[in-house]
Amino acid sequence: MRISTIRYYIKEGFTSIWTNRMMTLASIGIVIACLIIFGMFILFSSNLNYIGDQVKDQWEIKAFVDENVPDGQLDRIRLEIKKIQYVKECILETEEQALENYKKQLGEDSYVLEGFEQFNPLRNSFIIHLSDVQYAEQVVQELKKVNGIVKVNNHRETIEKILKITEFVRMGSFWVMVLLAFIAVFIISNTIKLTVFARRREISIMKYVGATDWFIRWPFIIEGMIIGLIGGILSLAVVCYAYDYIVNLLHHSISFFKIRQLSEVFEGMAIILISFGACIGTLGSLLSIRKYLRV
Amino acid sequence: MILLSHVSKTYSNGTVALNDVNIYIEKGEFVFIVGASGAGKSTLIKLLMKEEEPSEGIIVVNDFDVVSLRRKDIPYLRRSMGIVFQDFRLLPNKTVYENVAFAMKVVGAPPKEIRRQVPFLLSMVGLSNKARHYPHQLSGGEQQRVSLARALSNNPSILIADEPTGNLDPETAWDIVKLLNDVNKRGTTVVMATHAREIVDGMKKRVIALEKGVVVRDEQKGVYKYEN
């Protein structure tokens, strides 16, 4: 392809945008709206995943050892637990350590536990981390079979709830995104249709003098692509600005979970929003060309 | 070279536009196609450009088998011919120069060649001094000359003129026909559909007469119509 030809395509694309500026503005607006919602959903679900991961990491099964089991057997129990499938880590928390931790948790009120050192009512326990949270129930059943284990603590339901919400949001955001993309493509294709209509005379002359189909199509594709790109860049700015604002706001109120910082998500967001915008634009013009540009 | 062999065209609404037409036009000929409105002149031209498909028959233009030509090859068929319309079909927002250059640009001609060819064409049709004018600043005859320059811009071997003088007064019409004759003398095949009787009678060229989609007369040095 000649450079002068490529320059022609781009010039014509921009000319159309300018000639058709009101409609172009309208479609850029729609693209921005779609991409902002899209961006928000991505950020929301990415943070939910992030929090889900944190929960998974922090989450543990606690298996308590019978008081009557002598300390000498603890090693044997630990080895038996380690053999269970999906157990990633198994750490012994002795009754003394458990008491210490308890005191720490109570903080100022820890004086109520004073004197318990001699008659420690707590049990030795094993803190177990899994390689896959999904198999928690199975592991719990196995743990109960281990000789010397009397009780197993499992917060399976809480975990499952969080995982369910994450999955729900992920699916929901996917379908919302698909719907919005459809709307945006439709609106862009309408804009391009107007350009095609405005230039029908030119197009018919081009056909008569022997322009190839693609020569006629390219300026329209570029027009759609530019609309999508502008929409992508502007929505990126809005989403990032809003996200930074929200993160700063939440930073003070949420302390038990970490939220992703803008700097962590910016690059991904930029790539996703801008390329998604360009794709929507290109798709819109291709649709319009197929329907209205019978060359 | 143009060949139509047993060509018929029936539109989907049932109108028979052409019926078993056989025409052979050699390279370098000047041919008038005459007939009343609705005789099939426009359909004939549309078939040559593959704007319409014949219902039956064989069409060959230059080296193109028009009927079996694939869609993506149509532009190359059209580049081998130039076309002039009754209503000029110039782009109103482009100057005379740009209108001609545009036709070269869309077939991917290098800018250098465009800069060389356009002034040459404009001087040939006598419009060098109006290169920067817009179509609305020109008379009908001048506009048709721009359209002729555009049709010739890619050096076609066939020039098709669909009632090129239909919108012009008789004197201007003659100027255009003389230009077409000049073009023909340089070796370009010229096919002119018309119902301008004085022109056809005055030129003494080959005349193909269509009536209700049938070739009723095809003769060298013909006239528009014999008196009954």
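Me: What makes up domain 1 and domain 2 of chain A?
Reply: Domain 1 of chain A covers 3–55 + 160–292, and domain 2 covers 60–154; such bounds come from an automatic or database domain assignment. The C-alpha centres of these two domains of chain A lie 52 Å apart. This is a predicted model, where local features need pLDDT of at least 70, side-chain atom pairs count only at pLDDT 80 or more, and totals for chains, interfaces and linings use all residues. Residues are numbered from 1 along each chain as its sequence is written, while chains are lettered from A and ligands numbered from 1 in the order in which they are written.

Me: Why is Phe276(A) called buried?
Reply: Happy to set that out! A residue is buried if 20 or more other C-beta atoms lie within 10 Å of its own, exposed if 12 or fewer, and partly exposed in between, with C-beta atoms placed from the backbone. Phe276(A) has 23 C-beta neighbours inside 10 Å, so it counts as buried.

Me: Where is Phe276(A) found, and which residues is Phe276(A) in contact with, leaving aside its neighbours within four places in sequence?
Reply: Phe276(A) sits in helix α9 (residues 262–292) of chain A; helices (H or I, at least four residues) and strands (E, at least two) are DSSP runs, numbered from the N terminus. Its contacts beyond those neighbours are Leu35(A), Phe38(A) and Gly232(A), a contact being two C-beta atoms, placed from the backbone, within 7 Å.

Me: How do you know that β3 and β9 of chain B pair?
Reply: Two strands pair if DSSP finds at least two bridges between them. Strand β3 (residues 30–34) and strand β9 (residues 206–211) of chain B have four bridges, in the parallel sense. In β9(B), Val207(B) is the bridge partner of Phe32(B).

Me: What makes β6 and β10 of chain B edge strands?
Reply: Chain B has an open sheet of six strands with mixed pairing, in the order β6-β7-β8-β3-β9-β10. Both β6 (81–85) and β10 (214–219) of chain B pair on one side only, and are therefore the edge strands.

Me: How many residues of chain A are in contact with chain B, and which helix of chain A gives the most?
Reply: 15 residues of chain A are in contact with 16 residues of chain B. On the chain A side, α7(A) gives the most, with six residues.
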